[in-house]
Amino acid sequence: MTLSIRARLLVWVLGGMILIEAVFAIVAYETLSRALVRSFDAVLASTARALQGALEQRDGQVRADFSEVDLSDFRRPERPDAFQMWLDDGRTLAASGPGGSWPLTPFSGEDGGMDFRPLVMPQGRAGRAVGLRVVPVVDDEEGTPASRRSVTLVVARGTEDLDSRLAQLWWLLTAGAGATILLSCVVGIVAVGQGLRPLGDLARRIAGIGHDDLGTSVATVHMPAELVPLVDRLNDLLTRLRAAFERERTFSGDAAHELRTPLAGLRATAELALSRPRGSEEYRQALASCLDIVLHTQSLVDTLLELARLEGIQVPPTHEAIELAGLVDAAWRPFDTRAGTRQLYVERCVGDDLVVRGERSALGLGLGAVFANAVDHADHAGRVSIVATRRGNVVDLDVS
């Protein structure tokens, strides 16, 4: 099933809008979600730096002093944050939570950097943590780099608020994209309908052209530029149709005129022969006259059929090499008797070496029409001259 132009335009326009909105929603969600996660990680990093400042090392021992650190986020009764510190021998130095310990896993970034990971918080909550390895500040002057101990610090926070914001963002973008798509559908349907309205107007104009209005041309004023070439071709077609009908009417009129004369002669000869009793010789002469008229009429009908055949191009023309002398003789032969009756002197000067290329029947038809005019309109006992001359690659045939 072939889709209409309207359906094709709607499919492409709406499909393109849906694709654009989907890509925009996905890109916007990824961009904003990454920004929210970076902001969340920045808070974790800030908290980790504050806890890192509470560490100090004295006499080879590491201790944590949280007197100047705000630990309210780790002591909340609901959804508290968590942290845990491990010495380099694996023992826990300090931790938040009931009893001073949370079941966190130690990890850290490379080269003293921070590493952020999603994890499952105590009580099964979804969370995110930052881990880093730090070297506490040495308070005694005797401390050497070789005697300094390192501490692994992990700070975790629940991502309930972050997940809620991400969900709200996703639904907001999805709803916005859906609303935009629906609005685009409405606008697309209206725009396509308005854009195709000139086609409907053109179809109504064409439908209003009747068989007797072929002379009417479709105006291109206020018409979209894309339809102007189509309308121009349509006007050309109407012009050719009008010319074809004019040729048909002319052909019918010419045929009626040409047939009226021999039919009138045949009727007059028959009426004259039947007007009174006559001898056999008179009837023979009347029948001979009727035969001549019938033969002339048959030749005329054959000519009309040949014209109709050539006009309709029912048989493709075939160009061939034709000896002009033989063609002239064959075209003159049907008029030889009539020329003798009118006592015409015929002079033919056509060389046997003249060869032309063309469609034999069409050339014969044209010569027959010229010879018929010569026989009918030459003076009684006059002269008909047929002369062919070569002029380069062209042969001129003069009949006078």
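Predicted model: local features only at pLDDT ≥ 70, side-chain atom pairs only at ≥ 80, totals over all residues.
Residues are numbered from 1 along each chain as its sequence is written, and side-chain values use heavy atoms, with hydrogens and water left out.

Take helix 5 (residues 324-332) and helix 7 (residues 360-377): they pack at about 55°, with axes 9 Å apart. Helix 5 and helix 7 are therefore oblique to each other. On the helix 5 side, the contact (heavy atoms within 4.5 Å) is made by Leu327, Val328, Ala331 and Trp332, while helix 7 brings residues including Leu363, Leu367 and Phe371.

Now for the cores, meaning sets of buried Ala, Val, Leu, Ile, Met, Phe, Trp, Tyr and Cys residues joined through side-chain atoms within 4.5 Å, where buried is under 20% relative accessible area with a 1.4 Å probe, protein chains only. The largest nonpolar core has 28 residues, and Leu51, Phe83, Met85, Val151, Leu153 and Val155 have the most contacts inside it. Helix 1 (5-52) and helix 2 (160-207) are among the elements that each supply at least two residues of this core, and helix 1 gives the most, with 7 residues. Leucine 153 touches, among others, Ala48, Leu51, Phe83 and Met85, leaving aside residues up to four places away in sequence. A second, separate core has 22 residues, including Ala325, Phe335, Leu354 and Ala388.

Definitions and conventions:
Axes fitted to C-alpha atoms, helices over the stretch in contact; angles between N-to-C directions. Helix = DSSP H or I, 4+ residues; strand = E, 2+ residues; numbered from the N terminus. Parallel < 35°, antiparallel > 145°, perpendicular 65-115°, else oblique. Buried < 20%, exposed > 50% of the residue type's maximum accessible area, 1.4 Å probe, protein only.
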